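Have the model open while you read.

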Amino acid sequence: MTETCHKIIMGLHNFLKEYIHGFWDYETPKVMVVKNRTLGVIYRSVQFLVITYFIWYVFISQKAYQESETRPESSVYTLMKGSAVHGDEVLDTVEYARPSEGGDVISTILRREFTFNQRQDTCAEHFNVAGANCTTDSDCVEGEVNFNGHGRRTGRCVQYYNHTFKTCEIQTWCPIEEYAVVREPPLEEAINFTVFIRNSIHFPKFKVLRGNIKDARNKRDIKRYLNKCHYDEESDPYCPIFRLGYIAAQARENFSELCNTGGVIGVFINWKCNLDLDPSHCKPTYAFRRLDLRKDLPDSGYYYRFAKYYSKDGEETRTLIKAYGIRLDIIVHGHAGKFSPIPTIISTVTAMTSVGICTIICDWIMLTFIDKNEVYSERKFDEVIKEPTNPIPTELSYINSFGSNHSDLSDGVPL
């Protein structure tokens with residue numbers, strides 16, 4: 001046991017001694033020319049890939065020579081326009097747009113459900129509410145509030161309107177929505193409603209302010225242009241007026257289905273500006289995508305409730321309206337870049353340094369797969385203990401006599 005511990009200690013001592021002595025050694029690369037066609041093809045191929053990556057992707061695609069800004073300041077103003085005849089009723093912006101003039105969120109009503117003449121009273125709870133069904137008054141706890149229900153229980157078990165079964169009586173706005181709701185047909189004409197989206201973006205680092213409305217010489221020309229244009233990616237890409245039908249189609253949604261269930265659609269405004277060019281070339285692009293859960297899920301769609309209050313027979317009365325519609329979320333992304341010497345120098349140095357990967361890869365291939373007789377490794381790694389007093393002829397001095405300072409392994413090496 002003692003002898004084993006002694007061997008371990010001595011081995012550790014020798015290891016530390018060699019490590020400390022080797023720590024102060026100096027290493028310098030040695031140039032060696034290996035005339036091997038396979039290795040040469042690999043070397044040039046890796047060089048080509050590295051250089052192509054930096055030229056095409058880093059410098060051309062990603063513009064690594066530019067200073068960039070990705071958090072611009074942005075403002076959005078939206079306005080919805082259109083009118084529709086719905087039965088005997090004519091609907092305008094005030095009726096269907098929420099809000100009529102908005103910011104980065106605006107919605108339009110496509111279908112409504114009404115519960116008329118609701119008053120504060122007592123009535124039967126809906127039978128789908130948990131614990132609402134009953135047979136006697138003892139099944140209903142007075143004062144209990146079910147937050148998934150419609151109101152506070154009175155402690156009585158009453159007949160569910162004109163049905164034969166009974167549910168617990170509650171104090172709430174009566175009649176309840178599920179029993180007395182009146183559904184109107186969807187507003188199909190809304191497919192031609194338009195949304196005006198005005199977006200201004202500011203890149204403070206470069207002091208550049210741009211807007212998404214087509215440049216014009218005066219306000220009269222701008223107004224004349226906006227009165228007749230509709231956005232189209234090919235024919236009119238600089239018009240900020242969008243048809244709801246176009247937005248739904250670009251989001252790959254069926255407008256008729258949206259009328260029934262509602263939905264949330266994102267309007268993405270993307271600014272990618274190369275400020276090495278004139279700022280007038282900085283123009284937005286648009287993308288549209290459904291943001292809420294898909295229509296095949298139970299809680300998908302978009303709707304909200306609001307009420308219109310009035311007095312009837314001296315008593316406060318309301319009409320409850322459940323509105324289904326499209327909500328547009330305007331989301332702005334911005335990126336601007338401009339030439340700067342600092343990122344250019346950093347990217348160039350990185351590219352030049354990365355070319356050294358080619359040598360590392362080829363050295364590994366040469367010493368691992370090609371150097372079967374260890375001929376390459378013997379010539380690649382030399383150890384000099386101290387400077388010799390007399391010149392010693394080596395491969396390097398031999399090659400120097402022929403005017404070269406490289407070790408040439410083209411002859412006498414079995415490959």
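**Cysteine notes**

1. Cys239 counts as buried because its relative accessibility is 0%. By buried I mean under 20% relative accessible area, with exposed over 50% and partly exposed in between, using a 1.4 Å probe and protein chains only.

2. Before going on, some ground rules: this is a predicted model, where local features need pLDDT of at least 70, side-chain atom pairs count only at pLDDT 80 or more, and totals for chains, interfaces and linings use all residues. Residues are numbered from 1 along each chain as its sequence is written, and side-chain values use heavy atoms, with hydrogens and water left out.

3. What does Cys239 pair with? Its partner in a disulfide is Cys229, with the sulfur atoms 2.0 Å apart. (A disulfide here is a pair of cysteine sulfur atoms within 2.5 Å.) Both Cys229 and Cys239 sit in the loop between helix H5 (219-228) and strand E14 (241-243), 10 residues apart. Helices (H or I, at least four residues) and strands (E, at least two) are DSSP runs, numbered from the N terminus. The link is right-handed, with 70° about the S-S bond. Cys229 is buried too, given its 4% relative accessibility.

4. In total, the structure holds five disulfides. If you number the bonded cysteines of the protein chain in sequence order, the pairing reads 1-6, 2-4, 3-5, 7-8, 9-10.

5. Next, take Cys134 and Cys157, another disulfide, with sulfur atoms 2.0 Å apart. The torsion about their S-S bond is about 95°, so this disulfide is right-handed. Cys134 lies in the loop between strand E8 (105-124) and strand E9 (152-159), while Cys157 is in strand E9, so the pair ties together parts that are 23 residues apart in sequence. Both cysteines are buried.

6. Have a look at Cys273 and Cys282 as well: they form a disulfide with the sulfur atoms 1.7 Å apart. Cys273 counts as buried at 4% relative accessibility, and Cys282 is buried with a relative accessible area of 2%.

7. Cys358 is buried, with a relative accessible area of 0%, and Cys362 is buried at 5%.
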